[in-house]
Amino acid sequence: MEVDVPGPEARVAIVTGAARGIGAAVATRLAQDGLAVALLDLDEDRCAEPAAKITAAGGTALAVGVDVSDGTAVDRAVQRVADELGAPTVLVNNAGILRDNLLFKMTEDDWDAVLGVHLKGTFLMSRAVQRFQVEARWGRIVNLSSISALGNRGQANYSAAKAGIQGLTKTLAIELGKFGITANAIAPGFIATDMTAATAARVGADFEDFKKAAALTIPVGRVGTPEDIAHTASFLVSEGAGFVSGQVVYVAGGPKD
Ligand code: NAI
């Protein structure tokens, strides 16, 4: 069997929204897998702690501040990663925000902000990184969707963005496949992070009670952890996953869709 791609130790990964939660766990896991990792988030300082932990454990990490919904800033950040770590060929589009509201109360700003970060951000980052992947004739794109893509009360903006990400992912898989690039989406269910803690606070619930109530509705009987998502991302970006593309993997403790 011919091997014509560099080994995983040569890979450079970008993870957006990597300062905390799922993004920090994915960045940490990819570093453990042997990839050099660029941690992108709104503010470089916010990524300093997870980046330092990776470096202390013997990995390679770079913290970069960027707003993924700003095309000029995205291009600059991706170029900085290429200059400082090497050509990025793995991209995990994870950055996200919530602006939940029922439709009649949802503002244009709620809509634009959520679509801007999740959907436009995923487009801008993928467009900036694909040129390095095409040149390398190898690449992995993993986009964070959600079970909310199937519809969720109070999340017209977020569910539209997460469903849009599924369509975008499939199109990326079709367009980029011939360059050895795969694109897949992970659609998590309830994952315990600051994001779900903020949702609990918004509805006036204690987070522990909120998680217990959610766990009752999940077949495996527990809520998810950032590491559950990191494990799935690790598989999708692995060398051996090159024939898995255009898929949406629901990681929700049970079946969805
Ligand atoms: P989180 O709120 O803990 O972390 C999101 C990170 O994204 C933060 O560090 C934030 O600063 C960063 N971010 C926000 N806007 C940004 C921007 N414009 N540019 C760069 N970075 C930005 O959220 P969590 O829970 O870790 O979620 C990560 C992803 O997983 C999101 O896309 C979310 O929608 C998705 N997801 C989360 C689920 C959950 O239950 N926590 C369920 C399904 C999907």
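Q: Which residues of α4 meet α5 here?
A: In this predicted model, the residues of α4 that meet α5 are Asp 110, Trp 111, Val 114, Leu 115, His 118, Leu 119, Thr 122, Phe 123, Ser 126, Gln 130 and Val 134. On the α5 side, the residues they meet are Ala 156, Asn 157, Tyr 158, Ala 160, Ala 161, Lys 162, Gly 164, Ile 165, Leu 168, Leu 172 and Leu 176.

Q: And how do the residues of that contact divide into nonpolar, polar and charged?
A: In the contact of α4 with α5, 14 residues are nonpolar, six are polar and two are charged.

Q: At what angle do the axes of α4 and α5 cross?
A: The axes of α4, which covers residues 108-136, and α5, which covers residues 156-176, cross at roughly 15° and come within 8 Å. Because angles under 35 degrees count as roughly parallel, α4 is roughly parallel to α5.

Q: Is that crossing left-handed or right-handed?
A: The crossing in which α4 passes α5 is right-handed.

Q: Switching to the ligand, which residues come nearest?
A: There are 30 residues around the ligand, and the ones that come nearest are Arg 20, Asp 41, Asn 94, Tyr 158 and Thr 193. Tyr 158 is also one of the α5 residues in the contact with α4.

Q: How far is Tyr 158 from an oxygen atom of the ligand?
A: A polar side-chain atom of Tyr 158 lies 2.5 Å from an oxygen atom of the ligand. Lys 162, also among the α5 residues that meet α4, has a polar side-chain atom 3.0 Å from a ligand oxygen atom.

Q: What about Gly 189, side chain or backbone?
A: For Gly 189 it is a backbone N or O atom, which lies 3.4 Å from an oxygen atom of the ligand.

Q: Okay, other helices: how do α1 and α8 pack?
A: Helix α1, residues 21-32, and helix α8, residues 226-237, have axes 8 Å apart and pack at an angle of about 45°, and that angle makes α1 oblique to α8. In passing α8, α1 makes a right-handed crossing.

Q: Which residues meet there?
A: Gly 21, Ile 22, Ala 25, Val 26, Arg 29 and Leu 30 of α1 meet a set of α8 residues that includes Pro 226, Glu 227, Ile 229 and Val 237.

Q: Last one: where does Arg 137 lie, and what is its phi near?
A: Arg 137 lies in the loop between α4 and β5, and its phi is near 55°, a positive value in a residue other than glycine.

Conventions
Residues are numbered from 1 along each chain as its sequence is written. This is a predicted model: local features need pLDDT of at least 70, side-chain atom pairs count only at pLDDT 80 or more; totals for chains, interfaces and linings use all residues. Side-chain values use heavy atoms; hydrogens and water are left out. Axes are lines fitted to C-alpha atoms, for helices over the stretch in contact, and angles run from 0 to 180 degrees between N-to-C directions. Helices (H or I, at least four residues) and strands (E, at least two) are DSSP runs, numbered from the N terminus. Angles under 35 degrees count as roughly parallel, over 145 as roughly antiparallel, 65 to 115 as roughly perpendicular and the rest as oblique. A crossing is left-handed if the near helix is turned anticlockwise from the far one by less than a right angle, and right-handed if clockwise. Contact means heavy atoms within 4.5 Å. Ala, Val, Leu, Ile, Met, Phe, Trp, Tyr, Cys and Pro count as nonpolar, Asp, Glu, Lys and Arg as charged, and the others, Gly among them, as polar. A residue is near a molecule or strand if one of its heavy atoms lies within 4 Å of it. A polar contact is a pair of N or O atoms within 3.5 Å; within protein, one must be able to donate a hydrogen and the other to accept it, and residues adjacent in sequence count only if both atoms are side-chain atoms.
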